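Hello,

Here is the structure I promised to hand over. Please open it first, then read my notes below.

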Amino acid sequence: MQDLRVGLIGCGFMGRTHSNAYLRLNNFFSVQHRPVLQAVCGRDRGRTEAFARTWGYGRAETDWRRIIEAKDIDLIDICVPNVAHKEIAIAAAQAGKMVVCEKPLAMNVAEGEAMVRAVKAAGVPNMIFFNYRRVPAISLAKQIIDEGRIGRAFHYRATYLQDWTISADVPQGGAALWRLDAADAGSGVTGDLLAHSIDTAMWLNGPVRRVVAKTETFVKERRHAATGKVQPVVIDDACMFLAEFANGSLGTFESTRYARGRKNFNTFELNGADGSVYFDLEEPEYLQFFEYREPKSDKKVESHLTGWRKIHVTNSEHPYMSHYWVPGTCIGYEHTFLNAVADFVAGLESGTPAQPDFESGLQTQRVCDAVLESAANGRWVEIAA
Ligand code: SOE
């Protein structure tokens, strides 16, 4: 066993999901690396020390540079607001550390390109956490598509809906609410939610060639938690876009934080000539699959059996499931991060780096930037390969 000494930067929601994944890795996956929770960094000393105690980190820091410089850390894990991704990732790469980062990669393409250059120049392993790829049902969709069971793709349809910002009293900025502050987040639902949908879409259905988008900001002003002042809201509260994929299929993407009743409603459907797949994160252990068969000579015999299959993705032959429990028992949200860490470590050991790496995250960033550009100018925007 080789120690993989982790320095976590950021101890909010994502810091918790990643910490849990490192702690559980060796309980479920037979890999040669053992994560050691060496140090955690946060802005507030008291909170960071409490986090270190809860998750078992060896020490707590309040200056991320001390984590980057530390000789006893191999892997930097970035779980801070988007505005700080670039500086930390580049410093980590230059210090020769492996680096993993929460999505989205950066505030914009220019920052993402600088991050990709840095990890390439340093030759350090890197990965971006698009955890939903690691939902077994979504990985099964990828397998079904790669097996050629969907055939020529016609339509890709994604929605990612939440409802937590409908009240105008929700402030922007500060610890849990930085996602509403453009200075910290870069964008609203486009970078936060649609980045997930775009990553999944391109993984399943290939590159996006061009987009046309519409965004809306429903609440125009909010109190800023840091200043106490009412300030304009700059982020997009909702975003819808049409896409053309390089394979000729058409995509629709819809995201909002104003879909009353929807908490984390992340769905997609792909329709092809030979079949379709449908996934809904509110029923995460299921993948729906429709398989088209040419009717045989006696059509009556066939047609009454036609229908969607709702596959309960819990068998040991399903992606990731052999690492967990017996068929019929489910895993949850936290396991998507554990599966991601397992893939990252397996990549270190096999020499085939885990995906999505920073380069792949940059391609998603290119689509996000194109969506925002299109929403601003009302035109189709092409995406560079
Ligand atoms: C936003 O509410 C959020 O926490 C995203 O930032 C996560 O990436 C998403 O998976 C859940 O929702």
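The shell around the ligand has two polar and two charged residues, and no nonpolar ones. Its members are Gln162, Arg179, Asp192 and Asn264. Please keep in mind that this is a predicted model.

Next, the domains. The domain assignment gives domain 1 as 2-132 and domain 2 as 134-377. Their centres, taken over C-alpha atoms, are 24 Å apart. Domain 1 puts 38 residues into the contact, and domain 2 puts in 44 residues.

Which elements supply the side of domain 1 that touches domain 2? Helix 1 (13-28), helix 5 (109-122) and strand 6 (126-129) each give at least two residues.

Last, a helix pair. Helix 6 (residues 136-146) packs with helix 8 (residues 189-205). The angle is about 25°, and the axes lie 9 Å apart. Angles under 35 degrees count as roughly parallel, so helix 6 is roughly parallel to helix 8.

Which residues meet in this pair? From helix 6 come Ile138, Ala141, Lys142 and Ile145. From helix 8 come Thr200, Trp203 and Leu204. The contact of helix 6 with helix 8 has five nonpolar residues, one polar and one charged.

Over to you.

Best wishes

Key. Residues are numbered from 1 along each chain as its sequence is written. This is a predicted model: local features need pLDDT of at least 70, side-chain atom pairs count only at pLDDT 80 or more; totals for chains, interfaces and linings use all residues. Domain bounds come from an automatic or database domain assignment. Two residues are in contact if their C-beta atoms, placed from the backbone, lie within 7 Å. Helices (H or I, at least four residues) and strands (E, at least two) are DSSP runs, numbered from the N terminus. A residue is near a molecule or strand if its C-beta atom, placed from the backbone, lies within 6 Å of it. Ala, Val, Leu, Ile, Met, Phe, Trp, Tyr, Cys and Pro count as nonpolar, Asp, Glu, Lys and Arg as charged, and the others, Gly among them, as polar. Axes are lines fitted to C-alpha atoms, for helices over the stretch in contact, and angles run from 0 to 180 degrees between N-to-C directions. Angles under 35 degrees count as roughly parallel, over 145 as roughly antiparallel, 65 to 115 as roughly perpendicular and the rest as oblique.
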